[in-house]
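This report describes selected side-chain pairings, helix contacts and backbone features of one protein model. Please consult the sequence and the structure shown here while reading.

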Amino acid sequence: MAERAETDLLRLLTGALAEGGRARPVLLLVEGAAGTGKSRLLSRLLSALPVPARTGIDGIRDGIDDDEIRDDRGRGGRDDRGRGGRDDRGPGHGGRGDAVPGDGGRGDELRSDGIPGGEARGAGAIGGAAGAERPGHGPLLLAVEDVHRATPADIAALGALLADPPGRFACVLTYRPEELPEPGLVLGPGTDFPAALAVVRHTLGPLGPAAVAERAAAALGLDACPPDLAAALHRASGGNAQTVADLLDALAHHPAGRQAPPGTGSAPPGTGDRQAPPHDGRPAPPGHDGRRPAPGPDDVEAAGPPPRLTALTLRRAAAVPERYRAIVHAAAVLDHPASARDLAAVAGLDGRAGRDALVAALRAAALQELPDGRYGFAVPLAAAAVRGAVPGPVREALHERAAALLARSQPVPWERLAGHRRACGDRRGWLRAVERAAQEHADRGDVESAVGLLESALATGPVPSHARSRLALMLARSAVMGLGSQPTRKVLEHILDDPRLARAVRGEIRLDLGLLLCNQLGRAQEGQAELERAVDDLAGHPVPLARAMSALAMPYWPGLPLTDNIAWMDRALAVATESGDPVVQTAAAANRVSVLLNTGDPGAWPLIERLPRDSDVVGCRQQAARGLCNAADAAVWLGRYAETRSLLEEGVALAARSGAAYAERTGRGTLLVLDWATGSWDGLADRARALVREAQGMPNIASDALTVLGLLALARGEWADIHGYLAGPGALGVDRSPVPLSAATSGALIRLALARDETGPAAAEAADAWRRLRGKGVWAWGAELAPWAVEATARAGSVPAAREMTAEFAAGLEGRDAPSADAALLWTRGVLAEHTGDPEAAVRHYEDASAAYAALPRPYHELLTAAAGARRALAAGREEAVTVLADCADRFDALGAAWDAARTRAELREHRPAEERRAPGRPGYGDVLSPREAEVAELAGAGMTNRDIAAALHLSPRTVEQHVARALRKTGARSRQQLAAVLPTGPAR
């Protein structure tokens, strides 16, 4: 929309300047508040026009007779210096204008934007052809910035030119409407436009959220700006373009989480700003593209108001007469659009004094009129700048009056009231308001707001012990349904250290801390220990006791064997029934579904339908949402993909409606796994990286995404990244990950080691992974591990052990509904047959596995097993299998599995018919890549080292080095990374 409007403006100006055109002369008025981008727009317009611009008063002089200019000087004088002693000689004169939002430092900045220009000039002077020859009867393009600062003499000269404009004439004026000496009158009291002049106004307003997100991504070097960061930037800046730019500069050049100076924080005053944990200095995982973690909303808050905005805001506030300045201070303390009456009440001004003060503030542009008869700051951060300049005792009195005002409101805005009460020293009133506000947030399902408020209250000041218990319980319960954080964990652990805490209260806090550790923070063993201690503390309290037992029943985490999980589930169901509490009963029912479905028990499916999606109780809906999302996660590892998608759609939507933020995020992770399995790889890596960025500090939420990124990197030949994704700083690792993810990770690491001919490490990883899988006892989760574990074990010479593993896997799947594991069992049997000298059985098992994967569908695994069968068939002399192998190579290519495509094509060349083989000697490919060079170049462009390519294609590293050198020369690429961009794609290669 903005680009189209700019195109229309260019067309308007071009038409007015065109030779032989019939368009009238044009006056374009570009108005916008400070910081909205007027100078930048003018810079772009003038750069795109074919006529050089004449600027400031010198440009006006070129447009009218010298005698007329002399008359204007006599009437108005060119040496006027009004407005409090400032050099206000206007556009084109004197020193530089003030560097304020939107003006970008005037001449220097605009010249750097590409407008040809001479020396730096004052306000309104921009780059142009000021020294060019005066046009005779040619076109005249005049540009004057900051008309609100023009002197009477300059205004008179400009008015004279516009009263009788020449032909082929266009004039662009920029100004801040809030600073015009006569509101609405650009050229003062005598503003008048002749009929011969086409006058068009273009108003620049604030940026929308999408535009802020786009600028943030570009400035911070991100693929996409995290939604919470974009929302924080837009909220703090009000969409003001210059303030957004200044905040992004601060975020890009300062450590994340820097504390703002006292009194200047951008959060509502006195709420105890929630602080992000400091960055630990470790290198970012590859999910962040090697960059440091993106800043978050807390970092925007910590940055405070930028210096440029602070200077403008305080300068405008200082222009308000001192007797009226309290109205500006009141608006800053309220930090919310307010009526004239409310502003006056907080300022301590009565009747006419309040009205006069507001008018004075509006005339000085210290406050702005906002929608719905409200007044305040167009840029919310400006309020923080003013608050920081108000003396402490004065600020406390303002907060006290604001608290009294809000306490009389209906309904009471409890969170805002809490901030004001704390800021004026009313600690008891602050705690009461915090509790009421948190409860309101929780009742609406806005658990993240409840967590932030409670965490801040408990972490930032002394709270009486009785109040600490209540607030800590509220925090713990909210955190479990939200996204959780390390600060929340530290607050809860600190409260648990209090020996005065009642045993039952301690048990409830332990319960939710245990859930937080297991789920959001990915520390399952620590979480299970807290849950077991909670069970002891909660004896005689069936509601929380059932929750603790139900949590220990979840089989997803390592540590407890499945038999223990089932025992805890039975106890939880009995206690939940005894409690009579519908939320606890729903939680237990949801966990029962997870236990049964993860083990492949067909009896789980009817239970899913009984979860109370439409309950009138928010807690029941949240637990139902969690149950649906957990069921989807279980189904995706079983290979029930249609059911997974249906459960996800329902579960994620219910989680969003009921405020179950953690369930909603885990549902997004499950969707990534689903798309990986079903071959929906377009854009998958980008979506996975986005979730990793959003999940900073929450490794469990990031674990699905990191696993998918690692699996994609393996298939695409991006082997340098695999360990970073699967075992780097941001990953949980195979010993701490949920068991199905741990098995998939080990399977990928084993396959990578086998591809590099590292049989010993591959067999060691297989043994460890099999031990973990056996310890849990959920064999359906072996689908991603078993074929590679058996392959590594057999290659290491332990064929009997490989046979035992296969038999154990088969026994564990008896009677289970696990289609993906069933297909993997066929694949595993093919591997075993291949290593026990039965090629016919191997081919049969591989072909059966390929058909089973196709039915799911799992296209990548379908191709892996089809290619394995074709290789064995070719080794047995069945030349017709060449067709199957060629089809696999083409489909690998189409899927994006570059490594598998190159490897398969390399094998194809060994089986070409004799008449298709090249004659002895090297063929002359000239400047065209040979097939082998193309394969090597593709893998090199994907990031594989020469050693890895050599292992994958069964070549020597020296041969690979030569192929890479020839590919670089023939394609003109300057680096291995550029090869990926210049190579042709698809089967035709």
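How many salt bridges does a search of the whole structure find? The search finds 46, a salt bridge being a side-chain nitrogen of Lys or Arg within 4 Å of a carboxyl oxygen of Asp or Glu. The model is a predicted one, in which local features need pLDDT of at least 70 and side-chain atom pairs count only at pLDDT 80 or more, while totals for chains, interfaces and linings use all residues. Residues are numbered from 1 along each chain as its sequence is written, and side-chain values use heavy atoms, with hydrogens and water left out.

**Salt bridges**

Side chains of opposite charge can pair when their charged atoms come close.

| Asp537 | Arg503 | 3.5 Å |

The salt bridge of Asp537 with Arg503 has an N to O distance of 3.5 Å. Asp537 belongs to helix H23 (residues 524–537) and Arg503 to helix H22 (residues 503–518), so this pair ties together parts that are 34 residues apart in sequence. Helices (H or I, at least four residues) and strands (E, at least two) are DSSP runs, numbered from the N terminus. Asp537 is buried, with a relative accessible area of 14%, whereas Arg503 is exposed at 52% relative accessibility. In these terms, buried means under 20% relative accessible area, exposed over 50%, and partly exposed in between (1.4 Å probe, protein chains only). Both residues also take part in a network of salt bridges that links Arg503, Arg510, Glu530, Arg533 and Asp537.

Glu694 counts as buried at 16% relative accessibility, and Arg668 counts as partly exposed at 27%.

Glu791 and Arg795 both lie in helix H36 (residues 786–795), four residues apart, which is about one turn of the helix. Glu791 is buried, at 12% relative accessibility, while Arg795 is partly exposed, with a relative accessible area of 40%.

**Helix packing**

How do helices H24 and H25 pack, and at what angle? Helix H24 (residues 542–552) packs with helix H25 (residues 562–579) at an angle of about 160°, and their axes are 8 Å apart. That makes H24 roughly antiparallel to H25. Axes are lines fitted to C-alpha atoms, for helices over the stretch in contact, and angles run from 0 to 180 degrees between N-to-C directions. Angles under 35 degrees count as roughly parallel, over 145 as roughly antiparallel, 65 to 115 as roughly perpendicular and the rest as oblique. The crossing of H24 and H25 is left-handed, meaning that the near helix is turned anticlockwise from the far one by less than a right angle (clockwise for right-handed).

Residues of H24 that meet H25 include Leu545, Ala546 and Met549, and their counterparts in H25 include Trp568, Met569 and Ala572; contact means heavy atoms within 4.5 Å. The residues of this contact between H24 and H25 divide into 11 nonpolar, three polar and two charged. Here Ala, Val, Leu, Ile, Met, Phe, Trp, Tyr, Cys and Pro count as nonpolar, Asp, Glu, Lys and Arg as charged, and the others, Gly among them, as polar.

The axes of H40 and helix H42 (residues 898–909) come within 12 Å and cross at roughly 15°. H40 and H42 are therefore roughly parallel to each other, and their crossing is left-handed. Tyr860, Leu864 and Arg871 in H40 meet Asp900, Arg903, Thr904 and Glu907 in H42. By class, the contact of H40 with H42 has two nonpolar, one polar and four charged residues.

**Backbone features in loops**

A cis peptide bond joins Gln410 and Pro411, with omega about -5°. Pro411 is in the loop between helix H16 (392–407) and helix H17 (414–423). Leu856 and Pro857 are likewise joined by a cis peptide bond, with omega about 0°, and Pro857 is in the loop between helix H39 (839–855) and helix H40 (859–875).

Arg168, a residue other than glycine, has a positive phi near 50°. Arg168 lies in the loop between helix H6 (152–163) and strand E4 (169–175) and is partly exposed, with a relative accessible area of 25%. Asp757 has a positive phi of about 60° although it is not a glycine. Asp757 is in the loop between helix H34 (739–755) and helix H35 (759–776), and counts as exposed at 54% relative accessibility.
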